[in-house]
Amino acid sequence: MTTTLLNADLHCHSVVSDGTLTPEQLAARAHANGVQLWALTDHDEIGGQQRAAAAARALGLPYLTGVEISVTFIGTTVHIVGLGFDASDTALAQGLAATRGGRGARAQEMAAQLAAAGIAGAYEGALRYVGNPELISRTHFARYLVEISACQDTNEVFRRFLTEGKPGFVPHRWAALGDAVRWIRNAGGLAVIAHPARYRFSPNEEYALFSEFQQHGGQGVEVVTGSHSVAEYATYAAMAQEFGLAASRGSDFHSPQESHTDLGRLPPLPAGLTPVWQLLADRIQ
Ligand code: AMP
Ligand code: MN
Ligand code: MN
Ligand code: MN
């Protein structure tokens with residue numbers, strides 16, 4: 001489990017957050033695609049962990065617990081993945097519940113903005129795609145906008161709606177960076193900066209994210225992810241080395257219809273990095 005060549009996929013979503021497959025369907029798909037180490041990382045929610053671990057065990061697929069926590073850092077939403085924690089940890093569960101808490105009111109405001117932009121019934125429409133009532137997300141709204149042909153696909157939705165400056169965007173205050181890292185660490189897990197290229201930070205802002213993350217006890221960064229270009233693999237391999245962070249790899253798979261990167265279908269980690277699974281060997285189930 002120490003090689004950078006391991007086909008590890010440590011980032012994906014089920015119906016427990018904004019994916020379209022069940023934990024069992026994801027486990028089967030990961031296994032069929034040749035994944036050798038898997039983690040389900042639903043947004044702000046660990047309700048799918050037991051099902052994912054049980055399904056993986058039945059397939060003989062090594063498993064790490066996972067979560068993707070929404071964080072607000074210098075006014076921007078940043079995602080922190082947690083891996084290999086104890087899923088029965090009370091403080092982690094409480095922190096995640098608090099992070100999920102504002103989603104209902106936020107969704108109502110998003111719907112009100114969309115109504116003002118001429119799209120009626122978006123709250124009820126989005127709810128029909130929600131698998132977990134505590135986890136209504138922009139993805140569910142995106143699916144409804146595609147259903148009513150307001151947009152051709154979810155990518156077009158995020159270009160025209162739901163993002164900063166566009167109808168349906170409601171600024172939201174998520175968890176603090178230090179809190180998210182501490183919840184993960186105190187539950188025995190390892191914290192990872194998810195898809196760093198997605199934040200479009202300036203070099204100074206990015207440096208602040210990496211150094212504060214590390215000061216709080218964060219130990220990993222996603223280098224190879226479905227959200228990065230090949231050039232960005234090299235950029236974040238260098239960042240991992242500069243900061244002495246372990247490297248993670250994950251597709252961020254949400255749905256066979258929407259995701260361009262399937263489970264396990266990623267290039268290997270660049271050589272010379274310490275894979276996160278090397279630090280998590282004793283947490284693999
Ligand atoms: P939320 O947590 O409600 O803000 O929703 C965030 C989710 O929306 C992300 O995890 C993605 O699944 C999806 N998302 C955000 N931006 C985009 C984008 N530009 N293209 C496709 N999906 C996106
Ligand atoms: Mn998502
Ligand atoms: Mn993310
Ligand atoms: Mn994700």
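Trainee: Which residue forms a salt bridge with E24, and how far apart are the closest N and O atoms?
Mentor: E24 pairs with R51, and their closest N and O atoms are 2.8 Å apart. Keep in mind that this is a predicted model.

Trainee: Where do those two sit in the chain?
Mentor: E24 is in helix α1 and R51 is in helix α2, which covers residues 49-59.

Trainee: Is E24 buried, exposed or partly exposed?
Mentor: Partly exposed, because its relative accessible area is 33%. R51 counts as partly exposed too, at 36%.

Trainee: How many salt bridges does the structure hold?
Mentor: The count is 12. One of them joins E147 to R128, with the closest N and O atoms 3.2 Å apart.

Trainee: Which elements hold E147 and R128?
Mentor: E147 belongs to helix α6, residues 138-147. R128 is in the loop between α5 (122-127) and α6. The two are 19 residues apart.

Trainee: And how accessible are E147 and R128, in relative terms?
Mentor: E147 is at 37%, so it counts as partly exposed. R128 is at 55%, which makes it exposed.

Trainee: What about D282, which residue does that one pair with?
Mentor: R283, with 3.3 Å between the closest N and O atoms. D282 is exposed at 62% relative accessibility. R283 is partly exposed at 30%.

Trainee: Which residues are linked in a network of salt bridges?
Mentor: E45, R100 and E134 are linked that way.

Trainee: Where in the fold are H11 and E68?
Mentor: H11 is in the loop between β1 (8-9) and α1 (23-32). E68 is in strand β3, residues 66-73. That pair links parts of the chain 57 residues apart.

Trainee: Are H11 and E68 buried or exposed?
Mentor: Both H11 and E68 are buried.

Trainee: Next, what coordinates the manganese ion (ligand 2)?
Mentor: D18 (OD), H43 (NE2) and H254 (NE2), at 2.1 to 2.2 Å. The donor spacing there is D-x24-H-x210-H.

Trainee: Why does the D18 and H254 pair tie together parts 236 residues apart in sequence?
Mentor: Because D18 lies in the loop between β1 and α1, while H254 lies in the loop between β7 (246-250) and α11 (276-279). Both D18 and H254 are buried.

Trainee: How far apart are the manganese ions?
Mentor: Ligand 4 and ligand 2 are 4.6 Å apart. Ligand 2 and ligand 3 are 5.7 Å apart.

Trainee: Last topic. How many disulfides does the count come to?
Mentor: The count comes to 0 disulfides, with 2.5 Å between cysteine sulfur atoms as the cut-off.

Trainee: Are C12 and C151 buried or exposed?
Mentor: C12 is buried, with a relative accessible area of 0%. C151 is at 4%, so it is buried as well.

Technical notes
Residues numbered from 1 in each chain as written. Chains lettered and ligands numbered in written order. Predicted model: local features only at pLDDT ≥ 70, side-chain atom pairs only at ≥ 80, totals over all residues. Heavy atoms only, no water. Donors = N, O, S within 2.8 Å, 3.2 Å for Na, K, Ca; no water. Helix = DSSP H or I, 4+ residues; strand = E, 2+ residues; numbered from the N terminus. Buried < 20%, exposed > 50% of the residue type's maximum accessible area, 1.4 Å probe, protein only. Salt bridge = Lys/Arg side-chain N within 4 Å of Asp/Glu carboxyl O.
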